[in-house]
Each structure stands twice: as C-alpha cells, then as structure tokens.
Amino acid sequence: MESLLAFHHIGIACHDISKSSQFFTLMGYEASPVTDDPIQHVRICFLEKEGAPRLELLEPLDEQSPVARTLATSGVTPYHICYEVTDITAAIAALRSQRFLLVSGPVPACAMGNKQVAFMFQKNTGLIELVEVPR
C-alpha cells in the first residue's frame, strides 16, 4: 500500500477563505486563486510555501457541503489529508481492504485540473482524499 500513496495536501475546513488565509499568507504561504467546485459544494484555495506542506482551504458553497456539517460540529479544523495515486481504482480497492469506506467519488475536481478524486473514511484514521495523477 505504501507505494500507492504520496502526500499531496492537508485540507482545512473554514467558514471564510479570505479570513482564514490571512494568517497563512503572513507566514509566507502564497495563495492560489479561489475556485468554486459545485460538484463538491465547496470553494477552494490552495496555499503553498517552499519547504512546508501544501494546504487547501475549503469553504462551503451551500448547506449541502459536507464541509458545512464539519464546521457546525467542530469549527475551523483540519478536514482531510490528500494523497496522490496513479490508479484511483486500485487505491480504492486497497483501502477498502483496510476497512475504509468510500464516501464519495471518483469525480472530477475542477480545482485540480479535473483530475479524478475520491474521499474515503475509516474511524481510526479519519477522512482521506485520493487524487489520481498521471504516471
């Protein structure tokens, strides 16, 4: 399984991207343009800084957003860890064998160049996102 997954980013649920990104830009992160993803019901902004993990701020677009539910119960919080995979179908199967449940996807993610993404959950690990990248 180790060879299937490579770190991509940490997703952070927030109420307002413009307010949440202020701290990170003060810390030297550069923010991408904000993208609305109607499939996932979120507004997204990536933050990058040399030598630091890539971050993804997620703001709900509407009440259908799973991020809205997380914010209602936990407030602003780390939401998921995303991993790159070269074969999303194989990665889903491998994670299912580790008792992960497929929460959503695979679906295209407009904020990631329409690459296929899927979300999986396991109670001892939490929510992870998979993004399929070419070999």
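**View 1. Surroundings of Gln-40 in the predicted model.** Leaving aside residues up to four places away in sequence, Gln-40 touches Ser-65, Pro-66, Ser-104, Val-107, Val-117 and Phe-119 in this structure, which is a predicted model. Gln-40 itself lies in a loop, the one that runs between strand β3 (35–37) and strand β4 (42–48). Because its relative accessibility is 15%, Gln-40 counts as buried.

View 2. Phe-23, Leu-26 and Met-27 together make a nonpolar surface patch of about 360 Å². One of these residues, Met-27, is found in the loop between helix α1 (17–26) and strand β2 (30–31). With a relative accessibility of 43%, Met-27 counts as partly exposed, since that class lies between the limit for buried residues, under 20%, and the limit for exposed residues, over 50%.

View 3. The structure holds 0 disulfides. Cys-45 is accordingly in no disulfide, and the nearest cysteine sulfur, which belongs to Cys-14, is 8.7 Å away, whereas a disulfide requires a pair of cysteine sulfur atoms within 2.5 Å. Cys-45 has a relative accessible area of 2% and is therefore buried.

**View 4. Cys-82 and its closest cysteine sulfur.** For the sulfur of Cys-82, the closest cysteine sulfur is that of Cys-110, and because the two are 14 Å apart, they are too far from each other for a bond. Cys-82 is also a buried residue, with a relative accessible area of 0%.

Note on methods: Residues numbered from 1 in each chain as written. Predicted model: local features only at pLDDT ≥ 70, side-chain atom pairs only at ≥ 80, totals over all residues. Heavy atoms only, no water. Patch = residues over 30% accessible without salt bridge, like charges linked within 9 Å, V, L, I, M, F, W, Y side chains within 5 Å. Areas by Shrake-Rupley, 256 points an atom, 1.4 Å probe, with all protein chains shown as cover. Salt bridge = Lys/Arg side-chain N within 4 Å of Asp/Glu carboxyl O. Helix = DSSP H or I, 4+ residues; strand = E, 2+ residues; numbered from the N terminus. Buried < 20%, exposed > 50% of the residue type's maximum accessible area, 1.4 Å probe, protein only. Contact = heavy atoms within 4.5 Å.
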